[in-house]
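Student: Could you take me closely through the ligand site of this model, and then through the sheet behind the strands that contribute there?

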Amino acid sequence: MNLIAELERLAPSLQSGLARASSLSELEALHIDFLGRKGALARLMSRLPELSPGERPAFGKAANAVKEELTALVERRRSMLVAEAEESALARFDPSLPGRRPWTGSLHPITLVMEEICRLFNELGFETISGPEVETDFHNFEALNFPRDHPARDMQDTLFVSDGIVMRTHTSPMQVRSMLERKAPPLAVIAPGKVYRRDSDITHTPMFHQIEGLLVDKNISLAHLRGTLTLFLRRLFGSELKVRFRPSFFPFTEPSVEVDISCILCSGTGRRPSEQGGYDESCRICKSTGWLEILGCGMIDPAVFAHVGFDEQCTGFAFGLGVERVAMLKYGIGDLRMFFEGDLRFLRQFV
Ligand code: PHE
């Protein structure tokens, strides 16, 4: 049998196979059958020794030509099949369907509220600072005028780390740290962060978030405190908000004040809007009082200034606010534990 004649039969035979190949995998199989290492062409080439030395160059040349031809046939069919596949994919593609957005994650509601509050104070000229969650007794209590063995330290349900070291029970140690660092007024800082108390039930978690504010200068009065906090609370909850200041006690402020705002849910009426319109019997958020306690504050006690080496001329105010409480009110969340469970169905709602 003439090898050259056999060579020449390869192209027509591949062509009829290709005509029947309707997928890329069938095409790949043909490619291997004809052009693979053990394919039809390779098998013919391996028979070269059957030829006389004089016939070999002509056969070699012919074989190369056939190889090129077969390769071209396969490639042509391949591009046709690829084009067909693309066309049918396009035919199935409905550009009028809504797109699917990749999920990118979102900020935790506590983070969102902390960022918003800090931004509001940054706009008023307060600088955001942060400090350690493991604190010395000096910063958390002593310098804040909690005398040693004073029962006021009990109020805080302290988690002790070791002798003289505690998990901070509030962000107020940042008052001490910022004054020690700056050495002299003026000073206006806002310090968000985690705090810890030995407390755990439906309305308390052992870790929660506070934001501390501190402003120190000369001739700062309760009026500045009142104006600043009223402006802040109205920016946070709306310009219609009513704000009320009540006397209270903290060891590190004198006078000490607690601030109430008109209830977010019932707008201070004490009665809940009912589903039918009008008002229902009682408001569950403010327990029908119309008021919600929102933060503690006061004028810095001179004893605190003495601890950090600020002179008697200094005056200032500080406040501390619970972030979870603000977030619950802002987003209408009824259960504090939602913040700590990490349930994506809850977290995905905050973007
Ligand atoms: N640190 C106080 C608390 O946790 C709040 C507070 C801060 C009160 C600053 C007055 C001034 O209850």
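Tutor: Happy to; what follows goes from the ligand to the sheet and then to some backbone details.

This is a predicted model, so to speak of local features we need pLDDT of at least 70, and side-chain atom pairs count only at pLDDT 80 or more, while totals for chains, interfaces and linings use all residues. Residues are numbered from 1 along each chain as its sequence is written, and side-chain values use heavy atoms, with hydrogens and water left out.

Let's start at the ligand. Of the 14 residues around the ligand, H170, S172, R197, Q210 and E212 come nearest; a residue is near a molecule if one of its heavy atoms lies within 4 Å of it. For H170, a side-chain N or O atom is 3.0 Å from a nitrogen atom of the ligand. S172 places a polar side-chain atom 2.9 Å from a ligand nitrogen. The ligand exposes 330 Å² when taken alone, and the protein buries 91% of that (areas by the Shrake-Rupley method with a 1.4 Å probe).

By class, the shell has five nonpolar, seven polar and two charged residues; here Asp, Glu, Lys and Arg count as charged, Ala, Val, Leu, Ile, Met, Phe, Trp, Tyr, Cys and Pro as nonpolar, and the others, Gly among them, as polar. The largest share of the shell, three residues, comes from β10. Strands here are DSSP runs of E with at least two residues, and helices are runs of H or I with at least four, numbered from the N terminus.

Now to the sheet. Seven strands form an open, mixed sheet in the order β1-β5-β6-β10-β9-β8-β7, where two strands pair if DSSP finds at least two bridges between them. Its edge strands, each pairing on one side only, are β1 (127–128) and β7 (243–250). β1 pairs with β5 (residues 187–196) in the parallel sense over two bridges, and T128 stands opposite I190 in β5.

The peptide bond from P185 to P186 is cis, with omega near 0°, and P186 is in the loop between α7 (173–182) and β5. Another cis bond runs from E254 to P255, with omega near -5°; P255 is found in strand β8 (residues 253–262). Finally, N219 has a positive phi of about 60° although it is not a glycine, and N219 lies in the loop between β6 and α8 (222–237).

Conventions: A polar contact is a pair of N or O atoms within 3.5 Å; within protein, one must be able to donate a hydrogen and the other to accept it, and residues adjacent in sequence count only if both atoms are side-chain atoms.
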